[in-house]
Amino acid sequence: EPFVADEYIERLAWRTPGGGSRGGEAFDPKRLLEEFVNHIQELQVMDERIQRKVEKLEQQCQKEAKEFAKKVQELQKSNQVAFQHFQELDEHISYVATKVCHLGDQLEGVNTPRQRAVEAQKLMKYFNEFLDGELKSDVFTNSEKIKEAADIIQKLHLIAQELPFDRFSEVKSKIASKYHDLECQLIQEFTSAQRRGEISRMREVAAVLLHFKGYSHCVDVYIKQCQEGAFLRNDVFEDAAILCQRVNKQVGEVFSNPETVLAKLIQNIFEVKLQSYVKDQLEEHRKSDAEQYLKNLYDLYTRTTNLSSKLMEFNLGTDKQTFLSKLIKSIFISYLENYIEVEIGYLKSRSAMILQRYYDSKNHQKRSIGTGGIQDLKERIRQRTNLPLGPSIDTHGETFLSQEVVVNLLQETKQAFERCHRLSDPSDLPKNAFRIFSMLVEFLCTEHIDYALETGLAGIPSSDSKNANLYFLDVVHQANTIFHLFDKQFNDHLMPLISSSPKLSECLQKKKDIIEQMEVKLDMGIDRTLNCMIGQMKHILAAEQKKTDFKPEDENNVLIQYTNACVKVCGYVRKQVEKIRKSMDGKNVDTVLMELGVRFHRLIFEHLQQYSYSCMGGMLAICDVAEYRKCAKDFKIALVLQLFDTLHALCNLLVVAPDNLKQVCSGEQLANLDKNILHSFVQLRVDYRSARLARHFS
């Protein structure tokens with residue numbers, strides 16, 4: 001540990017008797033000084049001893065360093081001598097190697113012509129045997145030497161092709177015959193080895209056949225035998241994948257060009273097995289059952305492309321993507337050329353059948369909405385005037401909208417979009433998707449929703465009808481739900497297909513147009529429905545409100561809190577408010593309720609001005625308006641509540657003492673109103689004509 005002088009001295013003092021560090025001992029400075037002096041002398045002696053030892057070690061180190069340096073110099077000299085000897089040896093080896101290479105070149109120059117001459121002599125000997133017509137050599141008669149025989153006959157076959165036909169026709173035919181026989185024997189041997197599973201023999205025979213014309217036939221035999229017993233299950237695609245995986249492991253051990261052989265196997269599977277299977281599956285339903293045909297086409301194409309993806313793992317040459325794409329195209333091209341026409345035809349007939357089946361279940365004969373000049377003129381007049389044109393139709397509470405129908409149509413279209421995505425050429429995909437979307441718009445939006453809106457509009461009774469049943473809000477509720485489903489499919493299934501094409505703007509515009517068209521009819525129907533609600537309230541007030549309600553014969557014997565007309569109107573309004581909340585969502589609820597509230601207020605305002613009010617009648621009117629105001633709170637619309645608050649304040653003018661009229665009129669709620677309105681309410685008082693009241697109000 002590090003040396004600390006203070007601690008060292010402290011310990012020394014502590015050990016010395018009389019050093020003053022121990023408790024209870026007297027401090028003796030002389031003794032401590034004596035101990036310090038003695039200790040210093042000991043340290044000096046120790047320092048001298050250590051210094052001598054250091055000097056001795058330094059001398060020894062210097063001596064050893066000199067000896068080491070001398071030894072290194074001797075080693076360097078030895079290394080230089082060894083390096084010089086190595087250079088001399090290297091030069092000598094190079095000289096000998098040059099002589100050996102030169103001698104080798106000379107020997108090769110002599111031996112190569114000699115080997116060629118020997119080879120030529122052997123070939124001439126074998127050629128003579130063919131010329132004589134008798135094959136006596138062991139290489140041709142011994143079946144175990146078929147490899148050597150194949151090598152010889154292949155060379156003789158090449159030589160024979162260069163000989164003139166007129167002089168050597170016979171020998172050429174014999175060589176060709178032997179060539180063919182050996183080729184057949186080799187292929188048969190390859191076939192037998194493949195059946196026995198002898199990979200080494202197959203590789204050996206394939207290497208020999210590589211130089212023969214029948215090598216391709218050897219590959220064909222291999223491919224044919226590989227497929228024997230491979231397609232026994234019902235799933236031809238899974239069988240094909242398993243077969244290719246098995247062959248991929250083996251083909252590299254047998255052939256020198258495994259990627260070519262594997263590619264040829266895959267081509268054979270696609271062009272024979274798969275094409276035949278696809279044709280059997282599709283031709284059966286092509287003309288008789290479009291739905292099954294499209295399902296099979298989608299399924300088969302999907303499974304084929306999935307198989308192609310699995311085969312991409314194998315080495316099939318440089319451009320395997322293009323190779324596999326061409327194989328798929330060769331199978332399906334005749335079916336994909338007119339796919340979209342079949343799809344549109346099926347979608348059209350299927351959608352029409354779904355709609356017709358629904359209307360038949362309702363025992364409803366679909367009306368013709370009509371188009372052309374007269375219908376367009378009616379539509380423009382109706383949009384501007386909001387008048388019902390033509391007789392009202394009793395729908396018996398039927399909306400003619402069905403979520404089941406909508407789900408079926410959307411499901412059919414969803415499947416069509418999926419098939420379109422898979423089966424369409426990338427360049428045609430946006431155009432085909434737009435055609436499918438147009439079918440959806442035609443049957444879902446025009447033939448179903450628009451027809452239901454038109455029927456619903458025609459079913460709205462006139463505003464002066466008594467006990468009218470208002471079903472258009474049910475149409476609004478269902479149409480709103482259907483719009484959400486329609487919009488979801490547009491975003492989820494159509495947008496990915498057209499998002500990067502010019503068709504996107506066309507689809508968005510078409511969707512915008514159809515929604516705006518629907519919204520116009522919905523707004524029109526809601527407006528007319530609100531008119532009918534107000535009409536119903538008018539009928540209730542006309543039937544239930546009596547003049548004596550607000551001018552009772554016995555002012556002191558009024559037992560009711562509010563009139564019967566008020567009770568019935570409030571009950572009716574609450575039902576309609578609840579129905580509106582159930583039928584709509586979002587800001588539409590507030591918008592429609594505000595419009596109904598404003599019209600409701602106008603009706604009550606005008607209704608109250610039809611009567612004269614006694615003092616007790618005015619109190620009853622205030623009670624009625626208080627009940628109306630309580631009903632208005634259900635709207636949860638600030639403007640509507642404010643209107644009824646003001647109306648309640650106006651009704652106070654019917655009962656306030658003449659002396660307080662001016663004070664009430666200048667109150668917070670009535671100060672900003674037109675004086676004519678205030679005056680009109682004051683005039684409703686029975687005592688208005690009294691000079692006192694007229695004087696106070698003026």
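Let's start with cysteine 244, which is buried, at 2% relative accessibility. Keep in mind that this is a predicted model. What about a bonding partner for the sulfur of cysteine 244? The closest cysteine sulfur belongs to cysteine 226 and sits 9.6 Å away, which is too far for a bond, because a disulfide needs the two sulfur atoms within 2.5 Å. How many disulfides does the structure hold? The count is 0.

| Residue | Relative accessible area | Class |
|---|---|---|
| Cysteine 244 | 2% | buried |
| Cysteine 445 | 0% | buried |
| Methionine 46 | 38% | partly exposed |

Methionine 46 is part of helix α2, which covers residues 29-132.

Now for another helix. Helix α20 takes in residues 615-633, 19 residues in total. From first C-alpha to last, α20 reaches 27 Å, close to the 27 Å expected at 1.5 Å a residue.

Which residues of α20 are buried? Among them are the glycines Gly617 and Gly618, along with Leu620, Ala621, Ile622 and Val625. The buried set also includes Asp624, Glu627, Tyr628 and Cys631. And what do these buried residues of α20 pack against? Their neighbors are α17 (503-544), α18 (564-583), α19 (587-608) and α21 (638-651).

Conventions
Residues are numbered from 1 along each chain as its sequence is written. This is a predicted model: local features need pLDDT of at least 70, side-chain atom pairs count only at pLDDT 80 or more; totals for chains, interfaces and linings use all residues. Side-chain values use heavy atoms; hydrogens and water are left out. Helices (H or I, at least four residues) and strands (E, at least two) are DSSP runs, numbered from the N terminus. Buried means under 20% relative accessible area, exposed over 50%, partly exposed in between (1.4 Å probe, protein chains only). The expected span of a helix is 1.5 Å times one less than its number of residues. Contact means heavy atoms within 4.5 Å.
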